[in-house]
Amino acid sequence: MSRIGKQPVAVPSGVKVAVAGQQVSVEGPLGKLSHDLRPEVSAAYDEATKQLVVKRRDDSRQARAMHGLSRALIANMVEGVSKGYEKKLEIVGVGYLAAVQKTTLQLRVGYANEVQLPIPTGLNVTCPDQTHIVIKGSDKQMVGQFAAEVRAVRKPEPYKGKGVRYDGEVVRRKAGKAMTK
């Protein structure tokens, strides 16, 4: 049996869970999320113990795979609406900077023109200073996806280390050309 799938999801106070057929809806102080379960699994919420249990219909390979995945996705939704998720990015390079204008993230990262990225609804993007970007939201997938898109604009290069990187990311550096005499 799936080690992750058989663990119940503890629902903290202030979070409402509703299971309607194959749809699980979670609502908390930071927003509302919903997920449609695959037909191989089902969910049941126990109001007394404040726990949500995911069960699989049979022992097929697909059902076993979806069991742990569905439980993990629901646990991420519960954590997202109660605590939220956050990704921090830093920009390294002379003249490289970022700014937020209404619903657009503007990046100056060494190209001829500024890169304009529209901020998806449901995310809160701030720039505490010109070389740091903080992405917050309740949907873990959306936060990670937008952070990856921002990083992909100018990945850190291995020779000088310039580019957009995750906060705390270690960039493997390469030696440049060796001097020959």
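Val100 stands opposite Leu105 in β9. I begin with the hairpin around this pair. Strand β8 (residues 97–101) and strand β9 (residues 104–108) are paired antiparallel over 5 bridges; two strands count as paired if DSSP finds at least two bridges between them. Between β8 and β9 lie 2 residues, and Lys102 in that turn has a positive phi of about 55 degrees. Helices (H or I, at least four residues) and strands (E, at least two) are DSSP runs, numbered from the N terminus.

A word on the source. This is a predicted model, in which local features need pLDDT of at least 70 and side-chain atom pairs count only at pLDDT 80 or more, while totals for chains, interfaces and linings use all residues. Residues are numbered from 1 along each chain as its sequence is written, and side-chain values use heavy atoms, leaving out hydrogens and water.

Let me turn to the sheet. Three strands form an open sheet in the order β1-β6-β5, with antiparallel pairing. Its edge strands, each pairing on one side only, are β1 (9–10) and β5 (41–46). Strand β6 (residues 51–56) is joined to β5 by 6 bridges, and Ala43 stands opposite Val54 in β6. Helix α1 (residues 61–82) packs on the sheet and touches β1, β5 and β6; contact here means heavy atoms within 4.5 Å. The direction of α1 makes about 160 degrees with that of β6, where axes are lines fitted to C-alpha atoms, for helices over the stretch in contact, and angles run from 0 to 180 degrees between N-to-C directions.

Beyond residues up to four places away in sequence, Glu40 touches Lys55, Arg56, Arg57, Gln62, Ala63 and Met66.

Finally, the cores. A nonpolar core is a set of buried Ala, Val, Leu, Ile, Met, Phe, Trp, Tyr and Cys residues joined through side-chain atoms within 4.5 Å. The largest has 21 residues, and those with the most contacts inside it are Leu105, Leu107, Ile133, Ile135, Phe146 and Val150. Its largest share, 5 residues, comes from α2. A second, separate core of 18 residues includes Val11, Leu33, Ala43 and Val81.

Technical notes:
Buried < 20%, exposed > 50% of the residue type's maximum accessible area, 1.4 Å probe, protein only.
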